[in-house]
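Subject: Structure handover

Hello,

Here is the structure you asked about, followed by notes on what turned up in it. Please have it open while you read.

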Amino acid sequence: MPSRTLLLDDRAIARALSRMASEIVEQARGTEQLVIVGIQRRGVELAARLKHLVDQAEQSAVAFGKLDITLYRDDLQAIGPRPRVGVTELPDLDGRTVVIVDDVLYTGRTIRAALDECADFGRPRRILLCVLIDRGGRELPIQADIVGTTISTAPGDRVDVLVRELDGRDAVEVAREA
Amino acid sequence: MKPDVPSLGKDLVGLEHLSADQLRLILDTAEPFKEVSERQIKKVPALRGRTIVNLFFEASTRTRISFEFAEKRLSADTVSIASSGSSVSKGETLVDTARNLEAMRIDMVVIRHHSSGSAEFLGKRIRTNVINAGDGKHEHPTQGLLDILTLRDKFGKIEGLKVAICGDVLHSRVARSNIWGLTKLGAEVAVCGPASLLPRNVEELGVTVIPRIEDAIAWADALNVLRLQLERMQSGFIPSLREYNRVFGLTTDRLERAPKDLVIMHPGPMNRGVEIDSGVADGPHSVILPQVTNGVAVRMAVLYLLAGGSPDASHQGGEA
Amino acid sequence: MRPLLLKGGRVIDPSRAADDIADVLLEDGRIAAVGRNIVGPDGVEVLDVSGRVVAPGLVDVHVHLREPGQEDLETIATGSASAVAGGFTSICAMPNTDPVCDNQGVVGFVIAQAQRAAKARVYPIGAVTLGQKGQQLAEFGELVGAGAVAVSDDGKPVATAHMMRTALEYAKTFGIPVADHCEDMSLATGGSMHEGIVSTRLGLKGIPAAAEEIMVARDILLAELTGGHVHLCHMSTRGSVELIRRAKERGVRVTAEACPHHFSLTHEACVGYNTNAKMNPPLREAEDVEAIREGLRDGTIDCVATDHAPHHYDAKEREFDDAPNGIIGLETALGLSITELVGRGLLTLPQLLHRMSTAPARIFNLPGGTLATGAPADVVVIDPTVKWTVAPETFRSKSRNTPFGGRELTGRAELTIVRGQVAFQRTT
């Protein structure tokens, strides 16, 4: 029976996102040419909240995008029945500073797929990676520029990010094999 | 965390034996692929390194090109073999052709052939995925699917929709695939055309027969107008193309008398002035061009789903 | 040749309406005696057949032996061996060989090959027209003189009403029937299965029942007009059965046969594009199957015939449209007939044996179909209750094109005796 631990509750998440929004603006050196792109699925909800926070603080209307990386997965040939492909909607990326947002950074393969896909849409001047949870366990040389919380996990663990838009509540939970 | 996805099996031979869930899976999967065709770089790596052969024993430009685009946009390597020979028995048999291709380690075959049942015949004999691009008079599943997708785009749903299929239903694989797909998804389907071109027992397929085109226009939400082939006149099924157009043609006059905004579909290529007038084909009610666009997306979806292989393969969850 | 005494079997002789436990003595190639407690002459070979049925050897009036011309599919030797394995002691060979059996040379060849094989008796059927081209009558006199027992253009219908009329009239001189393959080509051409809901679903051009019935009606009317004897091959539709029934009530000289597949399978067998369910006339609807069974029961259909049609594996391993028509049937006919007709209570075993031996022999004027004293010693010993599974790879026929592989049937021949000698004995 796996044991579930609450890592972050809704207030902790809100605080983290607030700080991350500032860091985004800081690292991007302003909101000019800034595009916030969320990775399907929960990265999109987090990215939307980050955009809202940035717009509030900076009086801006930052460009927003959604990215589904299913068709770029490097394990597509091996996984058998096809996962459902979600919506991809991206504004023009040429010369912009793109902040990719995801819920959990683990092996790095999702981000690598996202980078491949972005390259098919244009040539950003710069790409930053923003994640709520960095759980270690990288299999590729990928790093996050803006991180909510770093934790260390074992390979059998699951880190679940729940968002109220999809799951009814905000939380980050870790499930460990007993 | 990913929901259970109904598998399609090894081959797509027709829509007759697919469930409503499987049909919806393909239609839903086609949606994101529409977007890929709108990009500047119309390519995703999903089928990278896969080899796909288009075996076209019957001449067809549009279906073959549509499949080729679908395959290339998925980054697959594609080879098209067009054989205009009338009978395979003149040269290599179908089985031998297929086995040779299998020996070259191809991954998928898209086949169009003049014999009903040839896609199923091939699928039973080779291990590669087989996609039916039209077998004799039996089925043309990707055409049926793209027709249904186009209707769904226009009306938001299929259930309860009234669709009339007009023309030579007797010889039409497009009609059969449409009938299976639409009835399974809850549409009301009617067929309309001269009785000599409708199968005698077509009602047993779950459709009603509307003898006159004027009545079909008055009843339907959408019309799917089938191409009338010249040889039907030569084999004595109808007296002349002229009479066909006069009595059964979808003319601008007839369309004007429609009680609602009918959606007009045609699988192509059109015989302008025979089954459909140019005014209708090029008019505001026609979705003939969106059908073509959807065709590539539907074919990409089918290739993507079939390449997924057996349901036994381990399914890794979405790791970051 | 040693005399043979078959002891203790249930002897069914449809020619004399006899059905008793009795012994049968065969001597010098003839039936010497049928009765109780027969003691044979010195040197007699005694076979205990208690628990079995002893009947006149079965007669199949519609077989394609493919020789001369297509010996890779079947030869007269393998075909006649297949026949005795199925319990048939006499078979009639259709003339659509290569060359066509339209002259005394081919008739003689077929007879000679059959004698050499020394299995079932083979009676050639000659062609109605030269080359079966439908244009010029063949020389019936020459054909009959050489040993033909009937004429047919089977494979095709007798082309025109005029040709059929002439053939019926001319055949009267020789006392032979004209056997017709009833198919209106203008309705049937291009069709590969029955025209019905299954052909619509499969997208295959169908052959409507009317294509057969139109020719059945034509042939009946011409037989009525000429007083000739028409034998209708492989009947398959309820409409045909009804036409024949009415014609017989009027006294027309029409006889008819039906094949086991037409009373065992429907057009549903074609689903999946199974080419072993493709034959001409095609498998029809359930109501047609019922009508054929009822026709055999009330005698409207006189006999069971197989239309045994060997085809090569490669030929059938093809798209449905392209595959040739026909299935083999000699080694499954008895089993299918007992299972589908006797097993369903439609016919008694004696009635079935009448349809499979006495009736066909009488229609084509062949010796056999009887166990009367002095008749040829053509006898079959049947186990009518044994359950067995059809295994095509064990067939004596060269070909394997049957849809019944793997099917469980009841009843089969255990021992087949031709001219007083054992031609087939089942070992497994």
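A pocket here is an open set of grid points with protein on both sides within 12 Å along at least five of seven lines, and its volume is the space filled by probe spheres set on those points. Please note that the model is predicted.

By class, the lining of the second largest pocket has 6 nonpolar, 14 polar and 11 charged residues.

Helix α2 (residues 62-73) of chain B packs on helix α12 (residues 288-306) of chain B at an angle of about 55°, and their axes are 8 Å apart. That angle makes α2(B) oblique to α12(B), and the crossing is right-handed. From α2(B), the residues in contact are B:Arg62, B:Thr63, B:Ser66, B:Phe67, B:Phe69, B:Ala70, B:Glu71 and B:Arg73; from α12(B), they are B:Val292, B:Gly295, B:Val296, B:Arg299, B:Met300 and B:Leu303. This contact has 7 nonpolar, 3 polar and 4 charged residues.

Helix α5 (residues 141-155) of chain B crosses α6(B) at roughly 55°, with the axes coming within 8 Å. Hence α5(B) is oblique to α6(B), and this crossing is right-handed. On the α5(B) side, B:Pro141, B:Gln143, B:Gly144, B:Asp147, B:Ile148 and B:Leu151 make the contact, and on the α6(B) side B:Val174, B:Ser177, B:Asn178, B:Gly181 and B:Leu182 do. The contact of α5(B) with α6(B) has 5 nonpolar, 5 polar and 1 charged residues.

Cavities

Across the whole structure, the search finds 9 cavities of 30 Å³ or more. The second largest cavity holds about 50 Å³ of space. It is lined by C:His181, C:Cys182, C:Glu183, C:Ile207, C:Ala211, C:Glu212, C:His234, C:Asn280, C:Pro281, C:Pro282 and C:Arg284. That lining divides into 5 nonpolar, 3 polar and 3 charged residues.

Chains

Chain A and chain C have no contact, and their closest C-alpha atoms are 26 Å apart.

Regards

Key:
Residues numbered from 1 in each chain as written. Chains lettered and ligands numbered in written order. Predicted model: local features only at pLDDT ≥ 70, side-chain atom pairs only at ≥ 80, totals over all residues. Heavy atoms only, no water. Axes fitted to C-alpha atoms, helices over the stretch in contact; angles between N-to-C directions. Helix = DSSP H or I, 4+ residues; strand = E, 2+ residues; numbered from the N terminus. Parallel < 35°, antiparallel > 145°, perpendicular 65-115°, else oblique. Left-handed = near helix turned anticlockwise from the far one by under 90°. Contact = heavy atoms within 4.5 Å. Nonpolar A, V, L, I, M, F, W, Y, C, P; charged D, E, K, R; others polar. 1 Å grid on protein atoms, 1.4 Å probe; cavity = no way out; pocket = protein on both sides within 12 Å on 5 of 7 lines; lining within 4 Å.
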